[in-house]
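Hi,

Here is the structure for you to look over. My notes follow below it.

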Amino acid sequence: MINNSKKIALTGGAAAAEALRQINPDVMPVYPITPQTPIIETFAKMVADGEADTEMIEAESEHSAMSAAVGASAAGVRAMTASSSQGIMLMAEILPIASGMRLPILMLVSARAISAPINIHGDHQDVMFVRDAGWIQIFSENAQEVYDNTLIALKLAEKKRIPAMVIMDGFQTSHSVENLEILENSAAKNFVGEYKAKNHLLDFEDPKTFGPVSLPNSFFEFKRAQAESMDGAIGEIGEIFGEYGKISGREYDLFEAYRLDDAEKAIVVAGSTAGTAKVAVDELREQGEKAGLLKIKLFRPFPYDQVAEVLKNVGKIAVFDRTVSFGANAPLCGEIIQTISTIPNKKFTIQSCIYGLGGREIFKEDIKKVFEGLSGDKIEGIKYIGLK
Amino acid sequence: MTLIVNKQLSSKLAPGHSTCAGCGIPAIARTVLGATDDPVVVVNVTGCLEVTSTLYPYSAWKVPWIHSAFENGGATAAGIDGAVKALKKKNRIPEDKKIKVVVFAGDGGTYDIGLQSLSGALERQHDFLYVCYDNEAYMNTGGQRSGATPYGADTETTPAGKKSFGKKEKRKDLMSIVIAHHLKYAAQANVAYLNDLKTKAKKALEMEGPRFLLVLQPCTNLWKFPTSQYVNIGRLATETNFWPLWEYFDGKYKINWATENPKPLEVFLKTQGRFKHLFKPGGEKVIAEMQKEVEENWKRLVNFVEV
């Protein structure tokens with residue numbers, strides 16, 4: 001029985017702030033953008049009340065917020081920020097600089113649509129746009145996972161020296177109040193531990209040069225080392241999940257395989273829609289359908305082998321992307337196609353579904369209809385769920 | 001004696017860099033950094049100094065150094081300042097430990113692409129010294145015009161031609177923009193006057209909060225003059241009042257060098273290939289316009305001092 005936690009009702013944004021309060025980051029450069037503001041406002045109030053003594057930097061743009069995070073992290077301290085949508089687009093230049101310099105910055109993301117036309121509501125276009133920035137990306141289904149993932153991702157980031165994004169769905173998760181359990185302060189603090197940077201700018205005895213010029217004779221090796229390190233994060237996160245399970249009682253894995261064991265058809269989805277999908281799966285199961293769900297959590301690095309293992313017996317798969325890749329497979333669908341291509345002697349049917357762009361609702365019935373469609377022999381092209 | 005001086009000069013930036021012959025940037029960096037004995041962290045934005053001093057696996061820097069991007073010198077320094085403040089607050093470094101954060105950036109990284117980042121960091125009153133070495137164009141990319149390029153200059157993107165006399169717009173008044181941020185200290189200096197630069201750097205480094213130095217850096221490639229001449233040409237910039245030496249401290253302006261009889265601007269212009277086209281028929285009007293600008297700027301500066 002775990003007794004070092006307490007139940008509390010919070011929005012996803014406030015749950016993230018709660019984890020930040022316990023981590024007590026050293027520096028937090030921020031810039032406001034909807035729907036990320038509840039995170040930074042809640043945390044700023046905590047600092048104002050003396051519950052954390054973080055150095056807040058109210059930057060004049062997201063580009064500067066991430067640049068300041070790079071400066072602070074290179075100086076050897078814990079630096080974090082939060083953003084969304086256009087903010088992530090604006091800081092996009094600095095994201096690969098953070099990962100290229102191996103700085104374990106943590107960013108909370110309240111995922112949102114990107115312009116044009118402008119739309120402030122939730123989808124995954126922003127985080128998918130920067131999926132190749134060399135950052136760990138972890139999706140959260142609800143406020144509980146936002147809280148848990150914040151602690152877990154920080155530990156992983158610092159262990160691997162790779163920056164990480166903890167992603168929640170804008171509004172659906174960032175602004176909805178849910179019950180969750182949070183750890184006692186001491187348990188959370190012990191879990192993340194003290195941060196000791198391997199190299200930093202305040203080492204005056206042994207000064208380091210960060211971000212030098214690298215020509216064709218060395219650049220490739222830098223990138224190869226980074227790629228290798230990223231791949232290795234899959235094994236590390238497994239260990240961290242295990243450690244976290246022991247103190248929280250919540251056992252996590254790279255993804256959540258929901259009623260997949262004997263499933264004949266499954267949907268794959270990331271984020272808050274997994275909650276709706278679970279209800280759909282339960283109802284279909286009651287009707288005797290062998291339906292299942294694969295909820296993606298770790299998107300970067302993508303755990304191809306482990307996903308293949310749980311999908312290998314599922315013949316019919318619908319992949320739900322809350323983004324669009326114009327003229328190509330949607331990102332998650334592309335990863336699933338890649339995954340099943342490694343499974344020998346099995347024929348798969350893949351249905352790509354695009355849903356929820358710009359905050360468009362998705363209902364249980366929509367998901368059930370997709371399962372129904374999987375029963376047929378013919379798969380149409382991309383299905384746009386809930387399109388008018 | 002020379003050996004000792006050289007050793008001191010290169011104690012923070014070693015001789016192994018690869019700036020062009022006749023480039024004053026290392027002298028600027030060494031003079032500024034030589035003006036303090038406190039530990040220094042250097043932020044270098046993309047540009048000539050960055051690219052010539054850190055060719056992996058070598059680094060000419062003997063102090064902690066970071067290059068992140070082109071337009072974020074102010075924000076990067078802000079993050080380091082934030083880290084130092086956080087560590088002091090948490091007693092992880094002593095409260096009285098003095099750590100200087102110094103940014104080096106060219107005019108492109110300061111007047112143009114980095115202006116917002118600089119403005120934000122100045123407004124938030126971060127504790128840092130920002131040094132802009134101003135060679136009046138994008139020289140790391142081969143000589144394109146910037147917001148610092150003077151009216152009438154021939155550059156790769158404002159070439160003089162049959163229907164063009166070069167750049168048609170005046171230089172941005174960066175010093176006024178910087179001073180509008182309520183900072184304590186800002187000064188205009190010139191690589192040709194290293195003692196003046198040293199005095200200003202020392203003054204600036206002893207203060208807290210945001211401080212700013214704008215240092216003229218005659219560039220042999222863009223300005224087109226023999227590599228032996230950068231000091232002489234830098235001097236002419238000041239002797240013609242094209243580049244006065246002055247400082248702003250606590251709301252007061254001070255001119256550091258003045259002459260009763262400034263040389264005509266032509267004397268400065270004719271030393272450089274970038275103004276060569278102005279000495280052909282028709283160029284006199286442009287030179288007259290430039291001379292007028294110099295005189296107006298000088299008058300304005302003198303007025304500030306008198307006020």
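Chain A is assigned two domains: domain 1 (5-194 + 201-248) and domain 2 (255-384). Those bounds come from an automatic or database domain assignment. This is a predicted model, in which local features need pLDDT of at least 70, side-chain atom pairs count only at pLDDT 80 or more, and totals for chains, interfaces and linings use all residues. Residues are numbered from 1 along each chain as its sequence is written, while chains are lettered from A and ligands numbered from 1 in the order in which they are written.

**Between the domains of chain A**

The C-alpha centres of the two domains lie 27 Å apart. In domain 1, 25 residues are in contact with 20 residues of domain 2 (contact: C-beta atoms, placed from the backbone, within 7 Å). Helix 6 (125-129), strand 6 (136-139) and helix 9 (219-248) each supply at least two residues of the domain 1 side. Helix 9 gives the most, with five residues. Helices (H or I, at least four residues) and strands (E, at least two) are DSSP runs, numbered from the N terminus. By class, the domain 1 side has 11 nonpolar, nine polar and five charged residues. Here Ala, Val, Leu, Ile, Met, Phe, Trp, Tyr, Cys and Pro count as nonpolar, Asp, Glu, Lys and Arg as charged, and the others, Gly among them, as polar.

**Between chains A and B**

Contacts join 38 residues of chain A to 37 residues of chain B. On the chain A side, helix 3 gives the most, with nine residues. That side divides into 21 nonpolar, 10 polar and seven charged residues. Strand 9 of chain A also pairs with strand 2 (residues 65-66) of chain B, in the parallel sense, over two bridges (pairing needs at least two DSSP bridges). A:Thr209 stands opposite B:Trp65 there.

**Backbone points to check**

Most residues other than glycine have a negative phi, and most peptide bonds are trans. Two peptide bonds to look at are cis. One joins A:Ser115 and A:Ala116, with omega about -5°. The other runs from A:Arg300 to A:Pro301, with omega near -5°. A:Pro301 is in the loop between strand 13 (298-300) and helix 11 (304-311) of chain A.

In chain B, B:Asn91 has a positive phi near 60°. B:Asn91 counts as exposed, with 8 C-beta neighbours inside 10 Å. B:Glu136 has a positive phi of about 70°. B:Glu136 counts as buried, with 28 such neighbours inside 10 Å. The cut-offs are 20 or more other C-beta atoms within 10 Å for buried, 12 or fewer for exposed, and partly exposed in between, with C-beta atoms placed from the backbone.

Best wishes

Definitions and conventions:
Two residues are in contact if their C-beta atoms, placed from the backbone, lie within 7 Å.
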